[in-house]
Amino acid sequence: MPKLIKDKAIADNSWLLMEATDAPETVEVPADAVIVPLNVWLARKQELAGRIATLGVWLNSDQFADQLGEEAQQLPLVAVNFPGFMDGRGFSTARLLRERYGFTGELRAVGSIIRDQLFFLQRCGFNSFDLPEGADLEAALNSFSDFSETYQAAVDQPLPLFRRRA
Amino acid sequence: MYQYDEYDHRIIRDRVAQFRGQTERYLAGELKDEEFLPLRLQNGLYIQRLAPMLRINVPYGMLSSTQLRKLAHIARTYDKGYCHITTRQNVQFNWPELEEVPEILAELAEVEMHGIQSSGSCIRNVTSDQFAGIASDEVVDPRPYCEIIRQWSTFHPEFAFLPRKFKIAVTGSDNDRAAVQVHDIGLQVVRSDAGDTGFRVFVGGGLGRTPVIGSLIRDFLPEAHLLSYLEAILRVYNQLGRRDNKYKARIKILVKALGAEAFGAKVEAEFAHLQDGPITLTGEEIGRAQRFFPTLPYQSLDNAADALLQQQAAEAPAFGKWLTRNVGEHRQPGYATVTLSLKPTGVAPGDLTDGQLEAIADLADQYSFGEVRTTHEQNIVLGEVEKSKLFDVWQAARAQGFATPNIGTLNDMICCPGGDFCSLANAKSIPIAESIQRQFDDLDYLYDLGDLDLNISGCMNACGHHHVGHIGILGVDKKGEEFYQIQLGGNAGTDVSLGSVLGPAFGAEEIPSVIQKLVDIYVDKRVEGERFIDTYRRVGVDPFKEKVYAKAD
């Protein structure tokens, strides 16, 4: 089974990531645990509600958190795709899902992320990371401790340093 | 000035260790070129025409003598014995070895300096007025707010991969010396009629390929909401800024596309969510930041030294010239500001040797409470000099070569490193600066011309701010040959304006005589008390154009 990083440890990836589709109404959704594109979810919410325990939804970098909104709270998993690692829109998406729309499930970063982004990604609320094939996951775990202190408020630390400074 | 506590030190040390690891992985082939690129840029490391270039932040221009001495040591140990003051108040080294950069950053961390986010598509070093805290026309000292912004923007997890670079400038004076209206965000600290402190917020200004003057989207933002409002602007930009074309990725393009009003509405909608959240500034935090910028332990003086200065100026006319051009008013009686000119003819504008850095450190310790300021015009300011010591300072500065009495004149040009160093440049800019300085080598004539901003950029990225020079010079490439386009009518102050292209470009050798002709027209047309820009605004471009492009008989 493919591996990923979840909650700062290497774990099995039991979810299938469904490809983007132009036919959201008719495309076949596999029965196994699957992460569907946003448009599939939007088109077939009612049908999919019955199997919600094995259903995740992924947002592309140009699809924002408000398109899922508080409905995210029903889902066990939301993924955000990074088409290139320099495309930083997903950082805002993650914070909004966590901080504004109350999503508490697994928030997964997928696509072209690199190890050196893990610290910022987890600060923004991601807790699972499907790194590109070939990435050294064991070594990547070290990046979660790149910094031992931070200035800003974010998902991992809701108070800015100036409210915590001794 | 601001001093790190254990938290700040820890964050910077962690960064040095992180970059050391990234450099090792890169050199071992574990990190691809395209992956290392943004990581090194976010530490200020470029790969330039001849060698790497390392840009070190000088937060809002403040430097201590300890930091100056460390920069001197780095110039001597890791570089060729000099550094360069940039047009954003930062310091650049042109010749470091990639392998040694982690070590340089470790040394800088010891004196509370770093290259974090001095490049790359992220929030850059915040800039300010070089006379912050000492200007007689200042309303509020902007530096505490600059420091609060520095900390908020350093490793902001959400905004490390923006569509493009992002520059914030803050002024605390009605007389804007920080060019806030040509920044991605420009802030003017103001006081309301009720005595509350807040900000006028400009967005979407900038130079570069598409120069734009910023739009005012908030007339009064209470100080407590500074960070939530900035976060709202950045979030809107991070989500909606273009990422398909790097030439259209700056926030100014987004603001233009949406219209300033619609953009402002989006910011306000986002701000409504963030307002009064945990990043709302507390009175304690603002007070903490302000305590780092106290009124210095000045002597209780009146302006009795003015008579002495007059006498000294009469006896030594060269000192008198320097007083006129390089010395400015201070809010504290008996004190003055001194601008050390880094523009002597024949030296690349803004360049300093290791020995000069140390000499400035000594001057700072002896005469200016151990602090100096870098300026976006690429000079250095001793901010706190007793008037009775000005003659001593002048003599010491003269011995080191930075008492050239040309501040604010045509010869005090802003100039990017250009084609001699920069891999983006279309043309050289340093030799153009020198050829103009040689053309205008008569100081009395230069003084007669008065305040004249001449800005030179070696390409349309506009690091030399040519759009806001009274006279702007832009290096262009025409079929492999270097040419120079002239713009007139720009201005960086409160009455900001962008220059207009005069006409067809010139070869390098023609530039001194072209500038001479422009100046001749000014002298011919000016009325009493008018600066070049005033005359230009009154008479328009035509007389200048006619003179410069007149057919030889």
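Skip the neighbours within four places in sequence, and Ile360(B) is in contact with Leu68(B), Leu340(B), Val372(B) and Ile380(B) (contact means C-beta atoms, placed from the backbone, within 7 Å). This is a predicted model, where local features need pLDDT of at least 70 and side-chain atom pairs count only at pLDDT 80 or more, while totals for chains, interfaces and linings use all residues. Residues are numbered from 1 along each chain as its sequence is written, with chains lettered from A and ligands numbered from 1 in the order in which they are written.

**Core**
- Ile360(B) turns up again in the largest nonpolar core, which has 200 residues: along with Val170(B) and Ile233(B), Ile360(B) touches the most other members.
- A core here is a set of buried Ala, Val, Leu, Ile, Met, Phe, Trp, Tyr and Cys residues joined through C-beta atoms within 7 Å; buried means 20 or more other C-beta atoms within 10 Å of the residue's own, exposed 12 or fewer, and partly exposed in between.

**Around strand 14**
- In strand 14 (residues 371-374) of chain B, Glu371(B) and Arg373(B) point one way, Val372(B) and Thr374(B) point the other, and all are buried (strands are DSSP E runs of at least two residues, and helices H or I runs of at least four, numbered from the N terminus).
- Strand 3 (residues 62-64) of chain B runs antiparallel to strand 14 of chain B, joined by three bridges, and Met62(B) sits opposite Arg373(B).
- Strand 15 (residues 380-386) of chain B also pairs antiparallel with strand 14 of chain B, over three bridges (pairing needs at least two DSSP bridges); here Arg373(B) has Val381(B) as its bridge partner.
- The hairpin of strands 14 and 15 of chain B has five residues between the strands, and Gln378(B) takes a positive phi near 70 degrees there.

**Five-stranded sheet**
- Chain B has an open sheet of five strands in the order 6-7-8-9-10, with mixed pairing.
- Its edges are strand 6 (127-128) and strand 10 (215-222) of chain B, each pairing on one side only.
- Strand 7 (residues 168-171) and strand 8 (residues 185-191) of chain B run parallel, joined by four bridges, with Ala169(B) partnered by Gly186(B).

**Domains**
- Chain B is assigned domain 1 (6-110), domain 2 (134-291), domain 3 (305-400) and domain 4 (414-548), with bounds from an automatic or database domain assignment.
- The centres of domains 3 and 4 of chain B, taken over C-alpha atoms, are 27 Å apart.
- Seven residues of domain 3 of chain B are in contact with nine residues of domain 4 of chain B.

How values were computed. Two residues are in contact if their C-beta atoms, placed from the backbone, lie within 7 Å.
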